[in-house]
Amino acid sequence: MANETIPRLESYDDVALTKAFGELKLQFNQEAMLSGSPEGRESLRVDWLGRKQGRLTQISSIWLKTAPDSAKRSLGQRFNEFKAYIEQSIAQELSVESAGSGRPLDAIDISLPGTRSRIGIEHPLIKTMNEIVAVFKSMGYSVGVGPEVETDYYNFESLNFPPNHPARDTQDTLVVAGQERKALRDRLLMRTHTSPVQIRTMEQQAPPVRIVIPGKVHRNDAADATHSPIFHQVEGLCVDTNITFSDLKGTLDHAMKAFFGSSVKTRFFPSFFPFTEPSADVQISCIFCGGKGCRKCKHSGWIELLGCGMVDPAVFGAVQQKQPGYDPKKISGFAFGMGVERIAMMKYGVSDIGQFYSGDMRFLEQFA
Ligand code: PHE
C-alpha cells in the first residue's frame with residue numbers, strides 16, 4: 001500500500017482538485033473499512049500519515065512542490081482539510097477500539113464485586129421429559145431420537161395408516177408446501193407423533209429393542225388452554241420374543257408408580273390406534289384426591305394419561321423389508337406414547353399450556 005503511486009495532477013483548477021482529493025478520500029475510506037484488526041489500523045496510519053514514506057508526505061512533495069504559485073494556496077488548503085480528515089478518522093477508529101476492550105487497564109478495581117450471571121434451570125417441560133425418560137432408563141431402555149420433519153411413509157403409511165384412511169384425520173397434519181410432484185410416501189410433513197421413530201429404530205436395529213423416544217411433535221390444532229400446535233411426547237417400544245400384554249401392563253404400572261408415587265393405581269381401557277392391536281388407553285388414579293373424586297378428575301377418581309398397545313403385525317411387516325428378524329410369528333412387542341405437557345400440567349398444577357412457551361420469568365422461576 002505504501003508504495004502506491006500518487007496520481008499526477010492534470011491541472012490545478014477547482015474541478016481537477018475536487019476530483020483528485022475525492023479519489024484519494026475514496027481510496028482511504030475503502031482501506032479504512034478493510035483494516036479490521038488493531039495491526040491493520042496501525043499499518044493504515046503508517047501508510048497515510050507516516051513521516052517519511054506516508055502518502056500525505058508524498059502528496060505534499062509531488063503536488064505542492066511542483067504546483068505553480070497561483071495554485072499553491074487552494075491546493076494547500078485542500079491538502080490540510082484532507083489531512084485533518086484522515087487524522088480524525090484514524091483517531092476515531094482507535095478510540096472505538098479502546099472503548100470496545102473495556103476500561104483502560106489502570107482503571108480496573110479488583111476489589112469491586114464481580115458481575116454475577118444467573119444460573120439457568122431446566123425448563124419444566126424438559127425436566128418432566130427427562131424424569132419420564134429416567135424411569136424407563138432404569139428399566140433398561142435406551143434413548144432414541146428422530147427427525148421432526150418426516151415423510152408421509154414414516155409418519156403414517158408404515159404405521160398402518162394407508163393413504164386416505166380416515167384414521168389419518170385423528171392427527172390434523174401440517175404438511176410442507178410444494179411437494180405435489182413427489183410420490184405420496186416421500187412427501188414431507190411435520191411429524192404428528194413420535195411413533196415414526198419406532199419404525200426408524202427397528203430398521204436400524206434387529207430385535208430385541210427397548211427404547212424410549214422423547215421429542216417434539218406438531219399438529220394443526222388451534223391453541224387453547226390445553227392444546228398447542230407444538231407439543232412433546234415420550235414414545236416407548238419394546239420388542240422381543242414372548243412379549244405379552246401383561247408385560248405392557250406391568251411396565252406401565254411400574255413406570256406410573258415410579259413417576260407419580262407408589263400409591264398410584266393404573267387401569268387399561270380398550271382403544272384404537274392403527275399401529276397397535278389390541279390398543280388401550282391408560283388411566284391413573286387421581287393424584288389430587290387419591291381416587292375419591294374431585295374437580296380435577298371430574299369426580300371420576302381417574303385421569304387418562306397415555307395410549308398404548310401390542311405392536312400390530314402390519315408394522316413388523318413394514319420393517320421386515322429391511323430387518324427380516326421382525327417376523328411377527330417369532331417376536332412380539334408393545335408400544336406406548338404419552339403427552340409431556342399434559343403430565344407436567346398435572347404434576348405442577350398448571351392450568352394453561354401456553355405458560356410453558358411464554359418465556360415469562362415469573363412463571364419459570366417457580367421451577368428453580
Ligand atoms: N402415537 C399415538 C398418538 O400420538 C400414541 C401411541 C403411541 C399409541 C404408541 C400407542 C402406541 O396419539
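An oxygen atom of the ligand lies 3.0 Å from an N or O atom in the side chain of R219, which makes a polar contact here (a pair of N or O atoms within 3.5 Å; within protein, one atom must be able to donate a hydrogen and the other to accept it, and residues adjacent in sequence count only if both atoms are side-chain atoms). The protein buries 91% of the 330 Å² that the ligand exposes when taken alone, with accessible areas from the Shrake-Rupley method and a 1.4 Å probe; for residues, only the protein chains shown count as cover. This is a predicted model, in which local features need pLDDT of at least 70 and side-chain atom pairs count only at pLDDT 80 or more, while totals for chains, interfaces and linings use all residues. Residues are numbered from 1 along each chain as its sequence is written, and side-chain values use heavy atoms, with hydrogens and water left out.

H193, S195 and R219, along with Q233 and F336, come nearest among the 15 residues around the ligand (near: a heavy atom within 4 Å). By class, this shell has five nonpolar, eight polar and two charged residues, where Ala, Val, Leu, Ile, Met, Phe, Trp, Tyr, Cys and Pro count as nonpolar, Asp, Glu, Lys and Arg as charged, and the others, Gly among them, as polar.

As for secondary structure (DSSP runs numbered from the N terminus: helices are H or I, at least four residues; strands are E, at least two), β5 (230-240), β8 (302-311) and β9 (332-339) each give the shell at least two residues. The largest share, three residues, comes from β9.

P207 and P208 are joined by a cis peptide bond with omega about 5°, and P208 is found in the loop between α7 (196-204) and β4 (209-218). Another cis bond runs from E277 to P278, with omega near -5°; P278 lies in strand β7 (residues 276-285). K298, in the loop between β7 and β8, is a non-glycine residue with a positive phi, near 50°.
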